[in-house]
Amino acid sequence: MLELYKTQLRSRLLLGSARYPSPAVLGAAVRASGAEVVTVALRREASGERAGQGFWNLIRELGVRVLPNTAGCHSVKEAVTTTHMARELFATPWIKLEVIGEDDTLQPDVFGLAEAARILCAEGFEVFPYTTEDLVVAERLLECGCRLLMPWGAPIGSGRGLNNLFGLRALRAHFPEVPLIIDAGIGVPSHAAQALELGYDAVLINTAVAEARDPLQMARAFAQAVEAGRAAYLAGPIEPRDMAAPSTPVIGTAFRG
Amino acid sequence: MRILVNGAWRETRSAELAAVLEELGYGESVVTTAVNGEFVAAALRMRTPLAEGDRIEVLAPMQGG
């Protein structure tokens, strides 16, 4: 079982709720994925409209845990205020903390992230920090009170998979006891399987499912990939080697000598 | 007085946040609010006076990654 802030989860696939062709497809994709945690956001509501209510009803009907995000926040102040607002709307201490530092890559501002994490952890929030694979930043976030880390695989929505395998391996090795979730950049199920094979505890996917030609089918495929990757990690993969090693025993080979 | 609601200037006759939300048609909506960058809990809206030029954010649940 995956344990995030003392919450036990069977599924190691967390799903985003944005960019689906319709609310119905979103609902069906969440069910098909088996995800128990779905990310949500806050946006300005036009006066007289009740767009938020419809979406919130849909999410509640799915019976999943929500993980609100601070997407779009570029400063500590914005992220902290958004977190306070999210707790009121969604009635959860969980927050996927994003402080964006650069608009082309949506790379986190790790300095702002650590500052916001320190404030929010002290206030009792359970922070899921969207970070990079940087070890020093990771250490700082843990010291600020975060109990898990969400490093990017690649820039959000890029579908490029695990860009820095060496860095991600190092992060896993450095913090063997800390739940690590790859957040962002995963494009296809093999990327997700690879993350789990490396020992990552879970993956958070959005665009790769939502914008697939068939989101339901892709949600199922990701669920299978995550299961396969986890099983492979537990089974202990072999080490790659440079030279061939015959898999068929050579002793007693015919026509030799 | 004029206040900035979700980035747009609005004229209001109301003196505090709860009344402004009602006046602007948010009465029935599931929303959360901030004034000048600070969160204002739903229970405090009736006791939150507004002044000319205040910046109000009115946010609702939305799809997110």
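Residues are numbered from 1 along each chain as its sequence is written, and chains are lettered from A and ligands numbered from 1 in the order in which they are written. Because the model is predicted, local features need pLDDT of at least 70 and side-chain atom pairs count only at pLDDT 80 or more, while totals for chains, interfaces and linings use all residues; side-chain values use heavy atoms, with hydrogens and water left out.

Helices (H or I, at least four residues) and strands (E, at least two) are DSSP runs, numbered from the N terminus. Axes are lines fitted to C-alpha atoms, for helices over the stretch in contact, and angles run from 0 to 180 degrees between N-to-C directions.

| Helix pair | Angle | Axis distance |
|---|---|---|
| Helix 1 (residues 23–33) and helix 9 (residues 215–235) of chain A | about 20° | 8 Å apart |
| Helix 1 and helix 2 (residues 51–62) of chain A | roughly 20° | within 10 Å |
| Helix 4 (residues 110–122) and helix 5 (residues 135–143) of chain A | roughly 15° | within 9 Å |

Angles under 35 degrees count as roughly parallel, over 145 as roughly antiparallel, 65 to 115 as roughly perpendicular and the rest as oblique. Helix 1 of chain A is therefore roughly parallel to helix 9 of chain A. Helix 1 passes helix 9 in a right-handed crossing (left-handed if the near helix is turned anticlockwise from the far one by less than a right angle, right-handed if clockwise). Contact means heavy atoms within 4.5 Å. On the helix 1 side the contact includes A:V25 and A:A28, and on the helix 9 side A:P215 and A:L216. The residues of this contact divide into 8 nonpolar, 1 polar and 1 charged. Here Ala, Val, Leu, Ile, Met, Phe, Trp, Tyr, Cys and Pro count as nonpolar, Asp, Glu, Lys and Arg as charged, and the others, Gly among them, as polar.

The crossing of helix 1 and helix 2 of chain A is also right-handed. Residues A:P23, A:L26, A:G27, A:V30 and A:R31 of helix 1 meet A:F55, A:L58 and A:L62 of helix 2. By class, 6 of these residues are nonpolar, 1 is polar and 1 is charged.

Helix 4 and helix 5 of chain A are roughly parallel to each other. Among the residues in their contact are A:V110 and A:R118 from helix 4 and A:R140 and A:E143 from helix 5. This contact has 6 nonpolar, no polar and 3 charged residues.

**Strands**

Two strands pair if DSSP finds at least two bridges between them. In chain A, an open sheet of 3 strands has the order 6-9-10, with parallel pairing. Strand 6 (94–97) and strand 10 (150–151) each have a single partner strand, so one side of each is left without a neighbour in the sheet. Strand 9 (residues 126–131) and strand 10 are joined by 2 bridges, and A:T131 has A:P151 as its bridge partner.

In chain B, strand 1 (residues 2–5) and strand 2 (residues 8–11) run antiparallel and are joined by 4 bridges. B:V5 is bridged to B:A8. The hairpin has 2 residues between the strands, and B:N6 takes a positive phi near 50°.

**Contact between the chains**

Chain A gives 30 residues to the contact and chain B gives 29. Together the chains bury about 2,500 Å², 58% of it on carbon and sulfur atoms. Buried area is the accessible area (1.4 Å probe) that two parts lose on being put together, summed over both. In chain A, A:R44, A:M85 and A:E88 lose the most area to chain B, together 26% of what that side buries.
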